[in-house]
Amino acid sequence: MYWFGIKYILTAVLWCFAGESWGTQTGLFWQVTDFHYDSKYSESGDPSDMCHQVVARAGKPLGMFGDYKCDAPYSLIQSAVQAMKEIDDNPDFIMWSGDNVPHVPTKEMSTSKVYNIIRNTTSLLTETFPNATIYPVFGNHDPYPSDQMSPDGGDYYEMVANVSGWKKMLPPDSMTTFRKGGYYSTLIKPGLRIISLNTPLVYKYNKLVAKLADPADQFKWFGQVLETAKTRKEQVFLSAHVPPGMFAKVTNISWFYPKFNAAYLDIIQKYSPIIVGQFYGHEHTDSFRVMYDTHGKPVGSMFLSPAVTPWNSTLKGAGFNNPSVRLYSYNRDTGNILNYIQYYLNLTAANIHKSAKWDVEYNATKDFIIKDVGPASLHALVESFKKPNSSMFTKYYRFNSVSAETDVSCTGTCKEQHICAITCIDYNQYYKCVSGHQNVPTQPYVTPTPGNHHFRSSSHHPHHHHPPPRYMLYIIIGLSVLVVTLFILIAVMCYRRRVHLAAPRFQTLKVN
């Protein structure tokens, strides 16, 4: 026992004083989405006209960091990216989840304006994070006209690569498929692959793809890449802008054409054992989805990160949000997502004080009291939502608007729509769920644990044992106390060292 204890003390010492390599199995990465940069935003603008200044307007000036009725001014975008840098300037990588162009009429935009907007955001990210790998995807507002993403390649993808600067960010092995359809895949590290999809190609408001079976052959390629990854024993992150499934906040709103939603789900369910995380934007709200297999077992986590823009959607009931960015932690060895921290800017307070103070809105595992954000944990969380007056659902709904709509409750049909959207990504299942004809799983999935037959009773041993001499007991007890004491001392030292090293990553920030 003495040498057993010494072994663990030495291990603890080496682990504690290994410098920056301490805890290297855990990595961090950013997700930022839906900037919707509007260069025409003006503090003297008209909130009913996207805060654009058409004629002189009397009254109180608008906020320097934006307005809930409008898209993001450059000051807000710059503040968000600067906050990311101050919180963690050395992430493993950054997922940039699309939609950079503002919600303005087509006549106010052009292809050259689109390329310039994307270039400006690209420059801000790459100059702020010169050593970080950035994985961008397209949003439905990034083409011109908006929503009409080309399935035929052409100049658009080439121009974004060259004029907007994405060629410098994308790995060389990704350029062939990027030029064909704006999608690509590459290794983050050996054993962990990212697949970046162009989901505006299957967006139901894209008229260019309505009659196509597989726009730009993306689904065919998607399946082939996943099959190769499976053969090579790689784990996979999926990154895209538009998510599958239904929008929880507005009745009967979906994003994919039905045929594409079904095809997409078929692919990701088939390869769910190697897909360890799915990351989307688009909805501007904060939510998640759980994917199940045919036996009702949760097999996939979908993370829907909220937007930087605070814009109040034209979809009735969709509402507005506070600006936000998200920092994930993951296991570098397995790719499993462990947790995430949601950061946000209270836009009202920032405008009043003319200073951007980015705070932690919530810590997913801590605030939702779950061990991680894997499929089983998220399933257990949504099960807790079903309870009457669920405190967990109340938290979820407050966070859904990034703490912007704190005085709005969600009960009855509203709550039902959220639960059904989270658990039923297939359209038919969703409609059955909200109509009450199909119940989502009502029991938390429990991983089987070994039975008692794995443990043997010492009473079965045929030999008779004599008790050890009394002085040996005193020696063993004394050594045990010494080992435990040393271990506690080292644990305290390690904890203090860890807090010292980690503190800069989770501080409240004030960005002027």
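User: How is the expected span of a helix worked out?

Analyst: The expected span is 1.5 Å times one less than the number of residues in the helix. In this predicted model, helix 6 covers residues 218–231. Its 14 residues should span 20 Å at 1.5 Å a residue, and its end C-alpha atoms are 20 Å apart, which agrees.

User: What span does helix 2 reach, and what is expected for it?

Analyst: Helix 2 also has 14 residues. From its first C-alpha to its last it reaches 20 Å, close to the 20 Å expected.

User: I should now like to read the disulfides. How many does the structure hold?

Analyst: A disulfide is a covalent bond between the sulfur atoms of two cysteines. The structure holds three of them. With bonded cysteines counted along the chain, the pattern is 1-2, 3-4, 5-6.

User: Where do C51 and C70 lie, and how far apart are their sulfur atoms?

Analyst: The sulfur atoms of C51 and C70 are 1.9 Å apart in this disulfide. Both cysteines lie in the loop between strand 2 (41–46) and helix 2 (74–87), so the pair ties together parts that are 19 residues apart in sequence. At 0% relative accessibility, C51 counts as buried, and C70, also at 0%, counts as buried.

User: Why is the disulfide of C51 and C70 called right-handed?

Analyst: The handedness is read from the torsion about the S-S bond, which is about 75° here, so this disulfide is right-handed. For C410 and C414 the torsion is about -110°, so that disulfide is left-handed.

User: Are C410 and C414 buried or partly exposed?

Analyst: The two cysteines, joined with an S to S distance of 1.9 Å, fall into separate classes. C410 counts as buried at 7% relative accessibility, whereas C414 counts as partly exposed at 25%.

User: What does the disulfide of C420 and C433 tie together?

Analyst: This disulfide has an S to S distance of 2.0 Å. C420 lies in helix 12 (residues 413–423) and C433 in helix 13 (residues 427–435), so the pair ties together parts that are 13 residues apart in sequence. The torsion about its S-S bond is about -75°, so the disulfide is left-handed. C420 is buried, with a relative accessible area of 2%, and C433 is buried at 6%.

User: Finally, which residues make the nonpolar surface patch?

Analyst: L482, L486 and L489 make this patch of about 250 Å². L486 lies in helix 14 (residues 470–502). At 34% relative accessibility, L486 counts as partly exposed.

Note on methods. Residues numbered from 1 in each chain as written. Predicted model: local features only at pLDDT ≥ 70, side-chain atom pairs only at ≥ 80, totals over all residues. Heavy atoms only, no water. Patch = residues over 30% accessible without salt bridge, like charges linked within 9 Å, V, L, I, M, F, W, Y side chains within 5 Å. Areas by Shrake-Rupley, 256 points an atom, 1.4 Å probe, with all protein chains shown as cover. Salt bridge = Lys/Arg side-chain N within 4 Å of Asp/Glu carboxyl O. Helix = DSSP H or I, 4+ residues; strand = E, 2+ residues; numbered from the N terminus. Buried < 20%, exposed > 50% of the residue type's maximum accessible area, 1.4 Å probe, protein only. Disulfide = S-S within 2.5 Å.
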